[in-house]
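Let's take a friendly walk through the packing of this chain. Please have the model open as you read.

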Amino acid sequence: MSEDLTVVVDRLRWDRRRSPYVGRREYSRDARELLDRCARLIDAGQAVDAVPVLRKAVDRMTAGLRYLDDSSGVIGDDLRAVMALYARACAVAPPPARSLAGWLVRLAYDGPGWPDIVLADFAPALGERGLGEIGRLAEQRGAGADPEADWSTWVATRLLREQLAEVSGDVGWYVDVLAEDLRRPDRYLKIVAVLRDTGRAREALDWARLGLAEHGTRPSAGALQDAYVELLLRFDEGAAAVAERQAEFERGPTPDAFRALVQTGARAGRSGLADWAVDILRARAARQPAAAANLVRVLLAEGRPAEAWEVGSAHVDALTPSLLTELLEVRRAEGHPGDVIGHYERLVEIHLHADPNDKHRYQKAQALLPALQTAYEQHGDPDGFIGYLRGLRADNRRRPAFLRLLDAAGF
């Protein structure tokens, strides 16, 4: 290790007595300098020199993140990059397999929870001997671990066992390990993915169906549902795929669920689903006015602006300012400027009287004025806008910052 590189690594030692907020940018800069230099060492065939440097850097950054503020996540990203480069260097110039295995296990069990350990990255350096050592140590450390009594030990053991099974290439072992904990839909999704990607799509379909039966109503089940629908379509079960999307839409009639339904219907050769979904949303909006916002979004996406205006203008309070602005612009462009003038003026007032902590409320209000001016002009009443602007200035004479914005914009 060159003296210069030693100096850089030493700068990654963080004194816990320092302010956690001072020097973070310089710390990240030093980490990136180390990454660059070590990457060049590896590319130059000197990975053996980079290996101890990078390991020391991981240890120091792991310790440093206990005490410095990384709310931006930048230094965490730097640490992940250092860890990945360390794995790359080890693959080229492997340290003793048992030593590397022991270090990874200690990091998993005794570390603060970062950085993530990706055994697949270290597998070339660990080899069969090192992976076996990790399995032995994990079994030893995690024997009898109870998630209620010792959650961190239980999690570390589970993650290492899962990754060992994954890198082994033994699909049956991997599925068995994953199936030990099926409390979340992402667990089923991992099983579905590995079975699907190894030519066992029918088994994958069965697991996806089981997972949705257990977790299908949870918001986090979306990816599992997508995988299930894809598998249904693969096996020409289009009717079942559409039914799944319809059930999803009825549970939560959002624009995303609408798009998924229509796209699935198109692939399954099923028409009329857009109208079916709109009817569902109309019925929902009649009972729950807040649902009108999603109905407006769907109608706009479907190219049905007149219907969107009918719904939106009847449920203005259910629309967010951004959605209402979009609807007004569409209505004006459709040749109905007189319909939007009052709504634009109302939006200006909404922004002006928004939460004082919103530093951009005045800019948002001013940004509406060009469209409002255009609407007045298209309506044949340019003087109406002049009068409105005069009143707006008078009403906000105690808002000098807003008036300066108007001046700068030529209003």
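A nonpolar core here is a set of buried Ala, Val, Leu, Ile, Met, Phe, Trp, Tyr and Cys residues joined through side-chain atoms within 4.5 Å. Keep in mind that the model is predicted.

The largest such core holds 53 residues, and the members that touch the most others are Leu34, Leu100, Leu104, Phe122, Leu126 and Ile134. At least two residues each come from helix 1 (3-10), helix 2 (24-43), helix 3 (47-64), helix 4 (74-92), helix 5 (97-110), helix 6 (119-142) and helix 7 (151-168).

## Helix 5 against helix 6

How do these two helices pack? Their axes lie 8 Å apart, at an angle of about 60°, so helix 5 and helix 6 are oblique to each other. Their crossing is right-handed. The residues in this contact comprise 13 nonpolar, 3 polar and 6 charged.

A separate core of 50 residues includes Leu300, Leu319, Ala375 and Tyr388.

Now turn to helix 18 (residues 337-352) and helix 20 (residues 369-378), whose axes come within 9 Å and cross at roughly 150°. Helix 18 is therefore roughly antiparallel to helix 20, and the crossing is left-handed. Helix 18 brings Pro337, Val340, Ile341, Tyr344, Glu345 and Val348 to the contact, while helix 20 brings Leu369, Ala371, Leu372, Ala375, Tyr376 and Gln378. By class, this contact has 10 nonpolar, 1 polar and 1 charged residues.

Conventions: Residues numbered from 1 in each chain as written. Predicted model: local features only at pLDDT ≥ 70, side-chain atom pairs only at ≥ 80, totals over all residues. Heavy atoms only, no water. Buried < 20%, exposed > 50% of the residue type's maximum accessible area, 1.4 Å probe, protein only. Helix = DSSP H or I, 4+ residues; strand = E, 2+ residues; numbered from the N terminus. Axes fitted to C-alpha atoms, helices over the stretch in contact; angles between N-to-C directions. Parallel < 35°, antiparallel > 145°, perpendicular 65-115°, else oblique. Left-handed = near helix turned anticlockwise from the far one by under 90°. Nonpolar A, V, L, I, M, F, W, Y, C, P; charged D, E, K, R; others polar. Contact = heavy atoms within 4.5 Å.
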